Amino acid sequence: MKRVSKMLLLTLLSVIFIMTIPGKAFAKTSSTGEWVDTSTSGSNIIERVTYSDSADGTVTVNAQLSFLKSNSKSNFVFYAFNDAGDLIFEKEEAKKGGDVKSDGGSITYTFKHTFNPGIKVKIFGYAMNDDDEAISEEDAFKAAGEITIPTVEVDPVEGRTQVNPAPGAVAYSGAHNLFGNTVYQLNAAEDAFINITGFTSTDSSAMLYIMEPVATSSGLSSSYYIQNFYGNARIRPSDANLTYYVKKGTYFLVVEASKGSTFSFNMEFRNYVHPNIVWSAQEGDINEAFPQRKDIHVTVKIANPDSDAYFPSDMTYSAPGTSGEAMTVAADGKSASFTFRTKDQASVTTISIGARELNPENGSWSVAYNCDIMTGVDISGIVYTTGHNYLTVETSGIPDYGQGKKSTVTVSLKNGNNWVKKFTATAGSKGKKIGGLKPNKKYEFKVEMAKELPNGKIAKTEKVYSVKTGSKQKPVITSAKISNRKSSKVWIKGYWSGRVWHPGHYTTIKSYTLTVTLKSSLKGCKGIVYAGTKAKGKGRVFKFNCRGNAPSKVSVRGYSNDTYGGYTPLSASKGTR
């Protein structure tokens with residue numbers, strides 16, 4: 001495989017030093033020298049010239065003089081003409097030992113004038129002593145020898161083309177004359193996307209590289225390497241294309257081929273479009289708490305369709321206790337979905353997925369995205385009761401869930417379209433009575449539970465209840481009769497309680513029948529309640545089969561709902577007989 005030349009690598013390595021050296025040109029002439037044709041006249045003392053590049057891209061001409069014609073002379077005159085015979089500069093005069101140097105049998109002179117590259121010039125040199133007659137300008141032109149000033153090619157790093165991200169693809173082309181390399185500097189102010197297509201070259205072994213300098217402590221002696229972010233950072237003309245992602249920074253695109261070859265390619269170089277990842281759930285707001293032990297249908301979507309990222313067809317998700325769970329990915333790779341079952345206690349479950357994109361941190365393919373799914377607390381154990389003018393919500397039976405701070409319970413009553421907070425308690429603490437309600441009226445109250453989890457997130461759950469207050473009609477007892485008094489012996493089996501054995505024994509159970517007669521029936525009621533026991537009916541007479549000792553006095557109240565009561569006021573006490 002053809003590699004980038006060592007000289008180019010060192011040049012790339014030292015580019016930061018190059019920029020700090022003023023006036024230094026990194027260029028090369030297409031020819032190092034040539035012989036001068038003096039056959040038209042033997043008076044021209046210039047036999048051969050050599051060339052070197054100058055700081056401004058022009059060419060310096062160094063003349064080698066005839067030793068036989070020049071050694072005995074002390075004064076020298078030099079001319080340079082164009083094809084029309086016009087002087088390119090005023091004649092240059094020089095002295096031996098000064099501008100004209102003699103060393104080891106060689107006499108040389110460097111023209112003070114620098115020449116533009118790629119033109120034809122006629123040059124003439126004449127040597128004389130103080131008493132010799134100078135040659136005329138016309139005779140000098142006739143005797144001048146013609147030379148072709150070579151072309152100058154700037155070093156590919158120094159003469160690199162600056163490329164900044166822009167929309168659309170751009171065509172690039174060039175020719176390799178001397179160095180065999182062409183360099184483009186890619187300036188990525190943000191993470192960038194590079195797509196190379198249509199790479200052609202008259203050199204079938206040409207190579208296009210994308211390179212990144214590697215800064216080391218060894219300075220100029222350190223080597224560079226071709227960075228392969230995804231294993232494909234170079235192409236030949238036979239390859240279809242090169243897609244490349246880079247973090248923000250400066251990169252070099254290098255086309256390397258043989259001298260005299262030409263090349264072309266198309267490049268799309270633009271800012272990389274990272275995805276806007278959006279999570280959602282079919283069952284509700286993804287940022288709110290979901291019920292326990294519930295299947296949540298989760299969708300993750302790349303909301304900006306122009307993003308360069310996508311979801312792979314084999315994408316999976318991970319969560320605590322799971323790894324590599326399958327997901328369903330859309331054909332365009334822009335969305336994926338899965339079903340997740342919430343936990344059986346208040347918690348936060350972090351779900352992770354990996355989108356295929358440039359990772360700005362380490363240049364890898366995959367970038368992790370997370371979503372926290374919160375599980376709320378079950379609103380269970382709520383006991384609520386309505387009377388004719390009150391609502392009691394008991395919270396002592398509400399269990400707490402998970403680690404973290406104790407759950408808080410807030411009870412609000414709806415007033416028109418607004419919720420009015422009535423009280424706040426903690427799970428397991430005693431509730432409160434809400435008074436001032438109207439009889440036989442429907443009400444809605446809301447129970448909200450919130451729990452701060454160990455990571456600081458708040459899991460919330462709420463539930464709305466509909467109730468109705470009871471009738472304001474107060475029962476009036478006309479008689480309360482005790483009958484069927486009984487005492488029965490019952491055998492209780494022995495049992496263990498911890499390490500203590502309780503032996504079997506007989507116990508006496510008493511029972512009786514209570515018959516209550518009201519003065520009048522209760523409108524809208526299903527029956528009456530005595531000591532927590534309900535007797536259903538809409539008439540005036542009710543019977544209760546009870547255990548225990550018969551009371552001497554009783555009180556009752558009517559009820560309209562089997563769940564929450566809907567009680568009437570309590571009757572006055574009535575003696576039994």
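The chain has 4 helices and 45 strands, where helices (H or I, at least four residues) and strands (E, at least two) are DSSP runs numbered from the N terminus. This is a predicted model, in which local features need pLDDT of at least 70 and side-chain atom pairs count only at pLDDT 80 or more, while totals for chains, interfaces and linings use all residues. Residues are numbered from 1 along each chain as its sequence is written, and side-chain values use heavy atoms, with hydrogens and water left out.

Of the 577 residues, 41% count as buried, that is, under 20% relative accessible area, against over 50% for exposed and in between for partly exposed (1.4 Å probe, protein chains only). Contacts (heavy atoms within 4.5 Å) with a separation of 6 or more come to 67% from residues 24 or more positions apart.

Two strands pair if DSSP finds at least two bridges between them. Within this sheet, strand β14 (residues 181–188) runs antiparallel to strand β19 (residues 249–256), and 8 bridges join them. T182 has V255 in β19 as its bridge partner.

Elsewhere in the chain, strand β39 (residues 505–518) contains T517. T517 counts as buried because its relative accessibility is 15%. Apart from its neighbours within four places in sequence, T517 is in contact with V476, I477, T478, S479, R540 and V541.
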